[in-house]
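These are my notebook entries on one structure. I set down what I looked up, entry by entry.

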Amino acid sequence: MSESKPGFSTLSVHAGSAPDPATGARATPIYQTTSFAFEDADQAAALFGLQAFGNIYTRITNPTTAVLEARVAALEGGTAAVAVASGHAAQLGVFHTLMQSGDEFIASTKLYGGSINQFNHSFKSFGWNVRWADCDDIAAVEAAVTPKTKAIFIESLANPGGVVTDIAAIAAVAKKAGIPLIVDNTMATPYLCRPFEHGADIVVHSLTKFMGGHGNSMGGIIVDGGTFDWSASDKYPMLSQPRPEYQGMTIHETFGNFGFAIACRVLGLRDLGAAISPFNSFLLLTGIETLPLRMEKHCANAQKVAEYLKGHPKVEWVRFAGLPDDKYHALQKRYMPKGAGAVFTFGLKGGYEAGVKLVGAVNLFSHVANIGDTRSLIIHPASTTHRQLTDAQREAAGAGSQVVRLSIGIEDVEDIIADLDAALAEIG
Amino acid sequence: MDHDRYDDAHIRAILREVKTVAMVGASPNNVRPSFFVLKYLLSKGYDVIPVNPGQAGREIGGVPAVASLAAIDRPVDMVDIFRNSQAAGGVVDEALALDPLPKVIWMQLGVRNEEAAARAEQRGVTVVMNRCPKIEYARLCGEIGWAGVSSGVVSSRKPTMAAGMQRFGLGKKTD
């Protein structure tokens, strides 16, 4: 093997994996075991003390999951990763490592609704206080920084789609404040956007979506960019101070540019317990092997569907950054030139009734709450996920009566459009 | 020699060839990075000699420590320096006073001394700076992947198993 850097597709198939050393199995085996036998007391002590590399217990590390971690780290251009049970668990792990009770972090107002809930409610019970900022307004983000701010959290491509964040501009704010920038890269995936190249320090994913891509397994991951100097201040004692959990070991000093990932694993995952199943890791890994092929098709299909809807007389508007007149088109060209993703919303002139009728009239589309599946998915938020809100609350959340969200799959685009066309004809 | 990046083949060749390692600045404190590296290199079969004037005559990681490089009673293949960049210069000069000369002088992560490196290279000694032999060994043999760390190595060759549980090696030179 020459020492040139492998390309993205090669890494998608190979990074982190090798033939199984014991059996030669070429696909990564599912190590469905809770625990790993020790050679002797010395080796056990070295493993527990983090002096040796190796597996103890699947809550902390597992050889199947480790391949998934090394692969996603390589695809993102990070140093290391920690896979966990879900995207929400990844966010919990990141903030557990960064925050102490009473600390603050800044988060974009345009986030996946589940993240908004997690930050507004669960995190507050830990004393981790979110300050919301509109990330289209860089000055507003900068104004939200206080001496207690420990991080900034954004999505590269925000759910329910259409919103592209100016990562480099937000990274500059974070750098000036001496705090890390965390980017949720779920919707874009590293195929479309690599946030570390634009100044991010930590990337998180829900692997449940496009990364796994088949809608069959929950999973999340934390990726360490290896870029942040955790010892430059005393803001991050989990990394910069001797840890009582490990007899006074200092994690950043000991593990250097992958120290954040190690801290998330041995101080976070070890104690919080949101471990991923090795079987899920296997399925997600299998999905990632075809990530570039799927994303290319997802994006090409979504572009055509968005263009079709834009020209439809019953459609009032389409929010998709791939459309040349879209507000976020310039940012999409800069940060994700290979495509604008495959999740977006559009507004029906017929309002609430038309939305309800449309999800009932489609045949190929599945009416579900997930995104990033091989299958095309549809949801009318006002009658489902956002049903309990008032009209005003729905409008603010981008889930007004007329809004329909699509996640475009990898079927033949003619069939996707034909399905929408027939359903739109039915809604009157 | 470009000290900003090293080819994997270069590092692998060093770690395969070297047998005896003098570790200057080895700490007896079992949560210090130097102790981690010492234990790891011992577990990989290297003959590691801790060098620490304050610990001479005592054991570090089960191995007798010596006060200085000059006090080592056998030829040393590699000197691994766990001192700051400035202090590394003096250690390099002590290493260059050894007879026979070490084949390799290795400065740990965060340690770089260009002038000292040039002096060593003039004498034909290979210099590695700002790297950790534990991380490099674990990266090249594949063990580092067990911690979710990206090794940067893409290969469809089977890892080399070593004796015991959960141990990989670097294999033979023909691999």
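I began with a term: a salt bridge is a side-chain nitrogen of Lys or Arg within 4 Å of a carboxyl oxygen of Asp or Glu. I noted that this is a predicted model, in which local features need pLDDT of at least 70, side-chain atom pairs count only at pLDDT 80 or more, and totals for chains, interfaces and linings use all residues. Residues are numbered from 1 along each chain as its sequence is written, chains are lettered from A and ligands numbered from 1 in the order in which they are written, and side-chain values use heavy atoms, with hydrogens and water left out.

**Entry 1: the two domains of chain A**

I looked up how chain A is divided and found domain 1 (8-288) and domain 2 (292-426); such bounds come from an automatic or database domain assignment. The centres of the two domains, taken over C-alpha atoms, are separated by 29 Å. Each domain brings 34 residues to the contact, where contact means heavy atoms within 4.5 Å.

I then looked up the buried area, which is the accessible area (1.4 Å probe) that two parts lose on being put together, summed over both. Domain 1 and domain 2 of chain A bury about 2,700 Å² between them, and 62% of this is on carbon and sulfur atoms. Which residues of domain 1 lose the most area to domain 2? They are A:Tyr191, A:Leu192 and A:Phe210, which together give 29% of what that side buries.

Between these domains I found 2 salt bridges. A:Asp166 forms a salt bridge with A:Arg334, with 3.5 Å between the closest N and O atoms.

By class, the side of domain 1 that touches domain 2 has 16 nonpolar, 14 polar and 4 charged residues. In this scheme Ala, Val, Leu, Ile, Met, Phe, Trp, Tyr, Cys and Pro count as nonpolar, Asp, Glu, Lys and Arg as charged, and the others, Gly among them, as polar.

**Entry 2: chain A against chain B**

I next looked up the contact between the chains, which takes 45 residues from chain A and 35 residues from chain B. The area buried between them is about 3,200 Å², of which carbon and sulfur atoms give 58%. In chain A, the residues A:Glu3, A:Gln51 and A:Phe53 lose the most area to chain B, together 25% of what that side buries.

I found 2 salt bridges between chain A and chain B. A:Glu253 forms a salt bridge with B:Arg32, where the closest N and O atoms are 2.7 Å apart. Elements that give two or more residues to the chain A side include α3 (63-76) and α11 (259-272). Helices (H or I, at least four residues) and strands (E, at least two) are DSSP runs, numbered from the N terminus. Of these elements, α3(A) gives the most to that side, with 5 residues.

**Entry 3: a sheet in chain A**

I looked up an open sheet of 5 strands in chain A, with the order β12-β13-β16-β15-β14 and mixed pairing. Two strands pair if DSSP finds at least two bridges between them. β12 (315-319) and β14 (366-367) stand at the edges, each with a single partner strand, so one side of each is left without a neighbour in the sheet. Strands β13 (residues 343-348) and β16 (residues 403-407) of chain A run antiparallel and are joined by 5 bridges. A:Phe344 has A:Leu406 in β16(A) as its bridge partner.

**Entry 4: single residues and pairs**

Over all chains, I found that the structure holds 25 salt bridges. In one salt bridge, the side chains of B:Asp4 and B:Arg112 meet at 2.9 Å, N to O. B:Asp4 lies in the segment before α1 (8-17) of chain B and B:Arg112 in the loop between β6 (104-107) and α4 (114-122), so the pair ties together parts that are 108 residues apart in sequence.

The peptide bond from B:Asp99 to B:Pro100 is cis, with omega near 0°. B:Pro100 lies in the loop between α3 (85-96) and β6 of chain B.
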